[in-house]
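Student: I would like to learn how to read the place where two chains meet. Please take me through it.

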Amino acid sequence: MTITTKVFGEISIDDERIINFPGGIIGFPDLTQFAMLHDEEDDVASIHWLQSIQEPAFAMPVIDPLIVMENYNPEVEDELLKPLGDIKPEELLVLVTLTVPQDLTKMTVNLKGPIIINAGNRTACQTIIDGEEYKVKFPIYDILQARKAGE
Amino acid sequence: MLALSRKKNESLIINNNVEITILEIKGEQVKIGITAPKDVSIYRKEVYVQIQDANKAAVDTDGMAALKKMLEH
């Protein structure tokens, strides 16, 4: 199918690449279908885009949380993952959204509201992690700078 | 909004499968017990709104070009 995207204009994707969010994402219950997009020529720190199928202007950059926090390991109740169906550990994908304001020093990731994807059946949800351990606005500028320096 | 008065230990039933009970009333604070199917997500609204705002903020990627530049070199 052809979809209109925020970053890549009009593109064609296989239907099998669509990820279903039965409950939408938090605050946007109507956005139930997304595609994960990636600019292969412009591979920067593994940033992918979670692009809404229904709303072309809605796309969030997402990254693997382990890039910015090695020991990220939030506890999620099994029941909350039931709508995702049977998940094989190797098909469980956890991503966090990235907020990139003009002033990069204020760049953050949302560790408290991760996106959890069952890659096996392409079903996903966004959940909220209980407790104070993980922040909604976790600063990452210094972490990315340090990673770069270490490369 | 539907407004109903309840006393301590009184409950409400929503949609046949959600029960909300007033457990304790102490000054300005009310302790509420919720019994619901386990796949029903229940969040404190202020936390929910924080995540919603973070989702909105993530969509405005003003600094993405600058970030790419920063990571390139």
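Tutor: Begin with polar contacts, meaning pairs of N or O atoms within 3.5 Å; within protein, one must be able to donate a hydrogen and the other to accept it, and residues adjacent in sequence count only if both atoms are side-chain atoms. Across the interface of chain A and chain B, eight residue pairs are in polar contact, both at pLDDT 80 or more. This is a predicted model: local features need pLDDT of at least 70, side-chain atom pairs count only at pLDDT 80 or more, and totals for chains, interfaces and linings use all residues. Residues are numbered from 1 along each chain as its sequence is written, chains are lettered from A and ligands numbered from 1 in the order in which they are written, and side-chain values use heavy atoms, with hydrogens and water left out.

Student: How many salt bridges does the rule find across the interface of chain A and chain B?

Tutor: A salt bridge is a side-chain nitrogen of Lys or Arg within 4 Å of a carboxyl oxygen of Asp or Glu. Here the rule finds zero between chain A and chain B.

Student: How many residues of each chain are in contact?

Tutor: Contact means heavy atoms within 4.5 Å. By that rule, 37 residues of chain A touch 27 residues of chain B.

Student: How much area do chain A and chain B bury between them?

Tutor: Buried area is the accessible area (1.4 Å probe) that two parts lose on being put together, summed over both. For chain A and chain B it is about 2800 Å², with 70% on carbon and sulfur atoms. In chain A, V100(A), I128(A) and K148(A) lose the most area to chain B, together 18% of what that side buries.
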